[in-house]
Amino acid sequence: MTDVRHDLRDHVSYVTLDRPASLNALTPAMRDRLVALLGAASADPEIRAVVLTGTGRAFCAGADLRGASAAGERIAGDVSRVLRLGAQRLIAAVLDCEKPVLAAVNGTAAGLGAHLAFACDLVLAAESARFIEVFVRRGLVPDAAGAYLLPRLIGPQRAKELMFLGDAVPAAEAERLGLVNRVVADTGLDRTAREWAARLAAGPTRALALAKQLVNTSLDTDRASAFAAESWAQEINMTTEDAREGLRAFTERREPGFRGR
């Protein structure tokens, strides 16, 4: 599919939304392609990180709503089913990917596009980027896991402010709020994304996957369950080659050479 470009380099899966004339608004086919690529990256031991970005003036302007209509009869359950199998499935694919996913936000990220970025493990934003909870402008309830993601990132009151008012949040303000990790010059976004991706790909992949799972589930569980999950994550990770290499490198006073296994 030409609307989603995919390139595999140096153990990193680079996924680029390439529909600039439509501000990279996601069609169902594009969404399904993203889900498939994230699933493939999760399962492939040769892929050790994922970078998600866009072309043109936008990262992703949200779902492509052309053809959607407020008129006409709806059958009960239709909207819920489309959302569950569509936007929610995409966000889950990011959250559940066993490799670190880095968003390189090159421009506007609105609605589903903003939530796609917020679901990623790390977020780089170009200075010209902005984030918009656009739903209120259309008379819609936020979807694509926005009400799940935003309070966990910035707290409920800030989340409500963004959702209720629908104002565009510039990159610098998004960094201050904690929505993004780092803001870089527009011309430096690709370079910084490649540098971060290289560091992630050189890391202990299984340990990163387990750490991601622990963090993502930490706010949904009680202390006893979190402690138990941490113990089992440690148990699993200590069987990996990378854990053994890391301990050997420490005792031998050298840098480890992780292989992602």
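Is R261 buried, exposed or partly exposed? Select R261 and you will find that this residue is partly exposed, with a relative accessible area of 34%, where buried means under 20% relative accessible area, exposed means over 50%, and partly exposed lies in between (1.4 Å probe, protein chains only).

Before going further, keep in mind that this is a predicted model, in which local features need pLDDT of at least 70 and side-chain atom pairs count only at pLDDT 80 or more, while totals for chains, interfaces and linings use all residues. Residues are numbered from 1 along each chain as its sequence is written, and side-chain values use heavy atoms, with hydrogens and water left out.

**The whole protein**

Show the whole protein as a cartoon, and you can follow eleven helices and ten strands; helices (H or I, at least four residues) and strands (E, at least two) are DSSP runs, numbered from the N terminus. The C-alpha atoms fill a box of roughly 65 × 45 × 35 Å, taken along the principal axes. The radius of gyration is 19 Å, which agrees with the value near 18 Å that a compact globule of 261 residues would have; this radius is taken over C-alpha atoms, and the globule rule is 2.2 Å times the number of residues to the power 0.38. Of the 261 residues, 43% count as buried. Among contacts (heavy atoms within 4.5 Å) with a separation of 6 or more, 68% are between residues 24 or more positions apart.

**Salt bridges**

R261 lies in the segment after helix 11 (241-251) and E46 in the loop between helix 1 and strand 3 (49-54), so the pair ties together parts that are 215 residues apart in sequence. E46 is partly exposed, with a relative accessible area of 37%.

Next select R5 and D18, which form a salt bridge with the closest N and O atoms 3.0 Å apart. This pair links distant parts of the chain, for R5 is in strand 1 (residues 4-9) and D18 is in the loop between strand 2 (12-17) and helix 1 (28-43), 13 residues apart. R5 is partly exposed at a relative accessible area of 40%, and D18 also counts as partly exposed, at 24%.

Then move to R259 and E241, whose side chains meet in a salt bridge at 2.7 Å, N to O. R259 is in the segment after helix 11 and E241 is in helix 11, 18 residues apart. E241 counts as partly exposed, at 35% relative accessibility.

**Around E245**

Which residues are linked with E245 in a network of salt bridges? Select R248, E252 and R254 together with E245 to display this network. E245 lies in helix 11 and is buried, with a relative accessible area of 10%. Leaving aside neighbours within four places in sequence, E245 is in contact with R254, E255, P256, G257 and F258.

**Helix 5**

Select residues 146-154, which make up helix 5, and colour its buried residues, G146, L149, L150 and I154. Seen down the axis of helix 5, these buried residues fall within an arc of 90°, so they line one face of the helix; the arc is that of the directions from the helix axis to the C-beta atoms. They pack against helix 3 (87-96), helix 4 (112-119), helix 6 (156-165) and helix 7 (171-177). Helix 5 is followed by G155, whose phi is positive, near 90°.

**Charges over rings**

Select R152 and Y148, and you will see R152 lying over the face of Y148, at 3.8 Å from the ring centre. A charge sits over a ring if NZ of Lys or CZ of Arg is within 6 Å of the ring centre and within 35 degrees of the ring normal. For another example, select R9, whose charged end sits over the ring of Y14, 4.1 Å from its centre.

**Last stop: P100**

Finally, select P100 in the loop between helix 3 and strand 5 (101-105), where P100 is buried, with a relative accessible area of 11%. Leaving aside neighbours within four places in sequence, P100 is in contact with R48, A49, V50, D121, L200 and L208.

Methods
A salt bridge is a side-chain nitrogen of Lys or Arg within 4 Å of a carboxyl oxygen of Asp or Glu.
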